Amino acid sequence: MAKKDFSKKIVDWYLVNPRDLPWRKTKDPYRIWLSEVILQQTRVAQGLPYYLEFVRNFPNVKALANASEDKVMRTWQGLGYYSRARNLHACAKVIAHHYNGQFPKTHAELLALPGIGEYTAAAIGSMAFDQPEAVVDGNVFRVLSRVFGIEEDVSTATGKKVFALKAKELLDIDQPGVHNQAVMEFGALHCTPTSPNCTTCIFSTGCFAKRQEMQNVLPVKSKKVKIRTRHFTYFVITKGNKLAMRKREGKDIWSGLYDFYLIEGKRAQHLKTLMKKDSALAQIEPYINIEFKSDSYKHVLTHQHLLASFVMLSLSPGLSAKKLLDTLGIKFYSLVEVASLPKPVLVSRFLTKEGILE
Ligand code: SF4
């Protein structure tokens, strides 16, 4: 199929089939960037309320840059992939302080910003600044592999290069933003992963996958994601109407969010054994009263399955807040404060299920 035919057909289709989404009605790079970061690995129906909340809380890039990390993480809470939220914040600070709040326009400058990769740079460049950059995401892989019969594995570096070149070759440089959105929207709504609508398709006469009945084979993706199972035991220490929480740091999941004191094991273990083995808990063991142990909670992340239980503890008098901070790294928060802290969904599920928070 000729390049012109592909772009014309798909843009014509898009112009009568676009979803009515707020980031489609703007050329503001800040809003386009927000929507693209939120929608990576997130469905539109799930991402839309987050987008609206971000725009409400942080109407421009300077407002986002000046916000506290807790507020940014709280607004992101529930979307997963929390490093994206931290990068979003870091990127806003660079744009606010080094670019005076104006997004840079060139692909190279956009790529140099924290958390902005090829895809996001191309999306901002083409949609906000009409730069001739082609986006390549899962929808683009699917549409191009099926229409043109590209059998390269999309999870390999070579495969990615082949698709990037094809996307670039097909791009309508007079309207790169519209073209890019058209291909992605066509993949999201029409040429879908498991039920492509081939009978009413604009490419039905020229599509390789339809002709060869290879819709289920294309795109080729060989790498299997390895799933790790982790066993979490959370210790929820209470004092009156307060709960002891700690801010997670480092490179593990949920960095920047608040949870409880945690012991992780390779398998489920008896509670007493677990507590004895933990040197920090052993130090305060004489003050601990076990009140309640929850059932197991299963929480599924993309590469990890978590099996968690929560142990509610109260403390006998005599243990100072400083000792708790020094030994377990935890601090007490009122329930109002706990409600407003950014937390993993797993922790929110527990707090709601046990009636601790609404
Ligand atoms: S004919 Fe089917 S597989 Fe080919 S582009 Fe259309 S919907 Fe996708």
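**Domains, helix packing and strand pairing**

Tutor: The domain assignment, which is automatic or taken from a database, divides the chain into domain 1, residues 3–212, and domain 2, residues 228–353. This is a predicted model, in which local features need pLDDT of at least 70 and side-chain atom pairs count only at pLDDT 80 or more, while totals for chains, interfaces and linings use all residues. Residues are numbered from 1 along each chain as its sequence is written.

Taken over C-alpha atoms, the centres of domain 1 and domain 2 are separated by 38 Å. The contact between them draws 9 residues from domain 1 and 10 residues from domain 2, where contact means C-beta atoms, placed from the backbone, within 7 Å. On the domain 1 side, at least two residues each come from α5 (69–76) and α6 (82–98), with helices being DSSP runs of H or I of at least four residues and strands runs of E of at least two, numbered from the N terminus. The largest share of that side, 4 residues, is supplied by α5. By class, the domain 1 side has 2 nonpolar, 3 polar and 4 charged residues; here Ala, Val, Leu, Ile, Met, Phe, Trp, Tyr, Cys and Pro count as nonpolar, Asp, Glu, Lys and Arg as charged, and the others, Gly among them, as polar.

We can now turn to helix packing. The axes of helix α1 (residues 3–16) and helix α11 (residues 176–189) lie 9 Å apart and meet at an angle of about 75°, so α1 is roughly perpendicular to α11, a term that covers 65 to 115 degrees. Such axes are lines fitted to C-alpha atoms, for helices over the stretch in contact, and the angles run from 0 to 180 degrees between N-to-C directions. From α1, the residues Ser7, Ile10, Val11, Trp13 and Tyr14 meet Val178, His179, Gln181, Ala182, Val183, Glu185 and Phe186 of α11, and this contact comprises 8 nonpolar, 3 polar and 1 charged residues.

A second pair involves α9 and helix α10 (residues 157–170), whose axes come within 11 Å and cross at roughly 80°, which means that α9 is roughly perpendicular to α10. Here Val140, Phe141, Leu144 and Phe148 of α9 face Phe163, Lys166 and Ala167 of α10, a contact of 6 nonpolar, no polar and 1 charged residues.

Of the 14 residues around the ligand, Cys191, Pro196, Cys198, Cys201 and Cys207 come nearest, a residue being near if its C-beta atom, placed from the backbone, lies within 6 Å. The shell holds 8 nonpolar, 4 polar and 2 charged residues.

Strand β1 (residues 228–239) has several partners, and strands pair if DSSP finds at least two bridges between them. With strand β7 (residues 304–315), β1 runs parallel over 11 bridges, and Ile237 has Leu313 in β7 as its bridge partner. With strand β4 (residues 261–265), β1 runs antiparallel over 5 bridges, and there Thr233 stands opposite Ile263 of β4. The pairing of β1 with strand β2 (residues 242–247) is likewise antiparallel, over 2 bridges, with Thr238 bridged to Leu243 of β2. Together β1 and β2 form a hairpin with 2 residues between them, and in the turn Gly240 has a positive phi of about 60°.

Definitions and conventions. Two residues are in contact if their C-beta atoms, placed from the backbone, lie within 7 Å. Angles under 35 degrees count as roughly parallel, over 145 as roughly antiparallel, 65 to 115 as roughly perpendicular and the rest as oblique.
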